[in-house]
Each structure stands twice: as structure tokens, then as C-alpha cells.
Amino acid sequence: MSVFFKNTLFFVCFFGAASLFARETVSPVRAPGSFVQFGGLAELHDDVYSADLNLAGEFAPCNCFSIYGDFAYRLVSYEWDTMLHDQVHEMVNLQVNGLNESYLGMKVMPFPFGGVDAGWRFPPREGGRENRFHRFGVSPFGIYDFSRNMVFGMAAEYFTFLEERNFQPGDEFGLKGSVSWKFLWDHDAYSGWKFDYVFLYRWRVQKSRNMNLEKKYREMDDLYRGFKMRVDAARYFAVLGKSFGVAIFYEMNRGYLFGMETGHVIGLYSRFEFGK
């Protein structure tokens, strides 16, 4: 059995599992590549504290094309309510435990400076109560190698949602910028430190519609805009001629340019790179 066939069979099995269902990861703009990543995270979102396990991967048979998947399993989710004046403190188990939303997609990069990313988000099962609609997204992106150790990325995003139960969420646009910096990096062994920073600004450009109501009442006042940002610090080591990394990250995933941040994530993960 050839090495290519073994690698292909492995990733087919991996993406079959990934299709089971992840919370959206704020990732840097990258060229197609092959890797497997596993980690855990803790999230605070609107007074709800949650913990997830996350598995992601990408398979690139060439430098111009790849398929990827990202999924998570929510272990636990608690809501903490506090009323200062009445001195009421209450912790509620939300009984949310299971598979979260999942992401499957592909990248096509016919030019050395850019390409297109297209992906599909599947709704969560027992692991989430938000993002209950199928979503299709397309994202043209560009990459600029500022130096051998620093890469800048930029992407534009467009998302549309499938109607379900006579409810149609509005379309969304987004802009993403990222920078990846390799520090004390050994290019022969593919080992050293790597730091990633991502900033994502997204807004809903079309009001959602409730088809169960009369036509004049269907539009909902749910236009919004906000940003997400993420910082990763990773240490990579040469293992069996490939690269193995351990990283910590912080993500602010529900922010407003004029307001308080209400969504925070911190996590750890390990990552095995199949290509250099």
C-alpha cells in the first residue's frame, strides 16, 4: 500500500468523524496544508461557562488544494447568575453536553498569492443551543510573505443561511486579517516558536425574516456588527522528520468596537504537521 494511499485513507476516516459535528475557530489565513490538531478549551459567553474538546484537521494532496474539518464536543455548560443588591448567587447546569456545530470545507489556491476558501457549517446537536442553521460561506483570501519568518494574510467573507421552520437568518459579511511570526526558527528541522494573531470584523447586512408572520411584520431588528480576535503562542519540535507543536491561545469572540467584550476563550492544543 503506497504512502499516498495510506495518508488519503487516514484523512478520509478523519473527515468522516469530523462530519459528526465544532464551534467556529478564528484561524489565521493560511495556504493549503496537512495537519491534525487536538485540544481543549474553556469559554465564557454571556455568563455561561463551558468546556469543550476540539479536533481539527486538513489534508492537502498538493500546494493548491485542500479539504478541512473542525469539530468539538461540549463537556459541560454552567450559567452563573448574580444579583448584588439582593445577594442572590445561583449556578445552573444547562444540561448542554454533546456534539457542537461542525465545519467542513475546502481551499483552492491557484495563485501563489491567494485563492478561495469555501465551507459549510452544520448545526450542533446536544452540544449547543446557538447557531442552529446551516450556513454556507465563501472567502477569497490573499497571502503576503513579508519575510522568511513572517506572513500576512487578508480575507473577505460572505455567509448565507438555509431557511428552516420558516425562519431565514440574514446574510453576513466579514473581513479578516492575520499575521504569523516564526521566532528562533530552524527551517531545516521545522522547529522553534510560532506566534499567530487574527482579527476578524463581521456584520449582518440583511435583516432576518420570520415567515410565520404577516409580510409587514416578518423582518426582525437583528442587524449587528462586532469583532473577534485571537492570539496563539506555540512551540514546535522535530518528530520523525515532521513537526509537532504544543500551543496556548486566547480568543475574544464577541466584541464590540464601542462596548464591553462578552465572549472569552482560553485553551491548549497539540498539532502535528504532515508537511513542511
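Is Phe113 buried or exposed? Phe113 is exposed, because its relative accessible area is 52%, and the cut-offs are over 50% for exposed, under 20% for buried and partly exposed in between, with a 1.4 Å probe and protein chains only. The model is predicted, so local features need pLDDT of at least 70 and side-chain atom pairs count only at pLDDT 80 or more, while totals for chains, interfaces and linings use all residues. Residues are numbered from 1 along each chain as its sequence is written, and side-chain values use heavy atoms, with hydrogens and water left out.

Aromatic pairs come next. A search of the whole structure gives 17 of them. Rings of Phe, Tyr and Trp (for Trp, the six-membered ring) pair if their centres lie within 6.5 Å; planes under 30 degrees apart count as stacked, over 60 as edge-to-face, and the rest as tilted. Phe113 forms a stacked pair with Phe111, at 5.3 Å centre to centre and 10° between the planes. Phe111 is partly exposed, because its relative accessibility is 46%.

Why is the pair of Trp185 and Tyr236 edge-to-face? The ring centres are 5.9 Å apart and the planes stand at 65°, so the pair falls in that class. Trp185 belongs to strand S11 (residues 172-186) and Tyr236 to strand S14 (residues 225-239), so that the pair links distant parts of the chain, 51 residues apart. Strands (E, at least two residues) and helices (H or I, at least four) are DSSP runs, numbered from the N terminus. Trp185 is buried at 10% relative accessible area, and Tyr236 is buried at 4%. Elsewhere, Tyr158, Phe173, Tyr201 and Trp203 are joined by ring pairs into a cluster.

Some rings have a charge over them, a term that requires NZ of Lys or CZ of Arg within 6 Å of the ring centre and within 35 degrees of the ring normal. Arg135 lies over the face of Phe159, 3.9 Å from the ring centre. The charged end of Arg271 is placed over the ring of Phe35, at 3.6 Å from its centre.

Another arginine, Arg74, is in strand S3 (residues 65-83) and is buried, with 10% relative accessible area. Its side chain makes a polar contact of 2.8 Å with the side chain of Glu43. Such a contact is a pair of N or O atoms within 3.5 Å; within protein, one must be able to donate a hydrogen and the other to accept it, and residues adjacent in sequence count only if both atoms are side-chain atoms.
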